[in-house]
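Let's take a friendly walk through this model. Please have the sequence and the 3D view open side by side.

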Amino acid sequence: MKSIRSNYITKGVVLTICGALIGFFPGVISMLFYIIGGIIIVGSVIMLLTGFGEGMDGGLFGSGIAGVIIGAIVCLLPRIISVGIPIAAGIIFVFSGVSRLLSALKGDKSSTAKKAGLIFGGILTAFGAFLLFSPFKAGTFVRVIIGLLMIALGAFNFYVAHVAKQRIDNDVPDVIDV
């Protein structure tokens, strides 16, 4: 029971720290990508330079160039993720919203079902358009929501650890539910 409690405390700490970083300090995560990409690029350039000094057989040349390209992609990942995901989600939401609108207009449904389909389709289409035409704001919004959810999950893990401590203190036997 004590090891379970420590696992929940560990998960709570990790989730809270990650949630705060993702939700409120995105520059730290971007900086990590830049550092990792820079390390890959520097290592690949060193590989290229040592490959030229060893006889120009070309064995390391392809690997070095590939490493530089991979390092550049890693450096660009924060920008790709912050723009690419909202745009892809926007396309999916617009498509889904328009198909709901068309389905509501041409179906043999009751007037209540048609109204619900039109409203829901309109909301999906508007949300998809927001994601498409304002991906930076949408990405920030989604990032903050994910961070807050991770912090809430961390708080839940702290609560579970607290309940486990109470059970240990009260000497409640472990119960296995089937």
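Is F127 buried, partly exposed or exposed? This is a predicted model, and in it F127 has 32% relative accessibility, so F127 counts as partly exposed. The cut-offs make the reasoning plain: buried means under 20% and exposed means over 50%.

**The aromatic pair**

F127 has a partner. Searching the whole structure turns up 1 aromatic pair, formed by F93 and F127 in an edge-to-face arrangement. Their ring centres are 5.1 Å apart, with 80° between the planes. F93 belongs to helix α3 and F127 to helix α4, so the pair ties together parts that lie 34 residues apart in sequence. F93 is partly exposed as well, because its relative accessibility is 29%.

| Residue | Helix | Relative accessibility |
|---|---|---|
| F93 | α3 | 29% |
| F127 | α4 | 32% |
| L32 | α2 | 48% |
| L77 | α3 | 26% |

**Helix α3**

Now look along α3, which spans residues 61–106. Where does α3 bend? The bend is at L76 and amounts to about 50°, with a proline, P78, following within four residues. P78 is one of the buried residues of α3.

The C-alpha atoms of L77 and G37 are separated by 9.4 Å, although the two residues are 40 apart along the chain. For L32 and P78, which are 46 residues apart along the chain, the C-alpha separation is 9.8 Å. L32 is in helix α2, and at 48% relative accessibility it counts as partly exposed.

**The largest pocket**

P78 turns up again here. The largest pocket holds about 670 Å³ of space and has a lining of 23 residues. P78, I81, S82, G139 and R143 are the lining residues that lie nearest the centre of the pocket.

Which helix supplies the largest share of the lining? That is α3, with 7 residues. At least two lining residues come from each of α1 (2–24), α2 (26–53), α3 (61–106), α4 (111–133) and α5 (135–170). Sorted by class, the lining consists of 16 nonpolar, 5 polar and 2 charged residues.

Notes. Residues are numbered from 1 along each chain as its sequence is written. This is a predicted model: local features need pLDDT of at least 70, side-chain atom pairs count only at pLDDT 80 or more; totals for chains, interfaces and linings use all residues. Side-chain values use heavy atoms; hydrogens and water are left out. On a 1 Å grid over the protein atoms alone, a cavity is a set of points where a 1.4 Å probe fits but cannot get out, and a pocket is an open set with protein on both sides within 12 Å along at least five of seven lines; lining residues have an atom within 4 Å of a point. Grid points are joined across faces, edges and corners, and a volume is the space filled by probe spheres set on the points. Ala, Val, Leu, Ile, Met, Phe, Trp, Tyr, Cys and Pro count as nonpolar, Asp, Glu, Lys and Arg as charged, and the others, Gly among them, as polar. The bend at a residue is the angle between axes fitted to the seven residues ending there and the seven starting there. Buried means under 20% relative accessible area, exposed over 50%, partly exposed in between (1.4 Å probe, protein chains only). Rings of Phe, Tyr and Trp (its six-membered ring) pair if their centres lie within 6.5 Å; planes under 30 degrees apart count as stacked, over 60 as edge-to-face and the rest as tilted.
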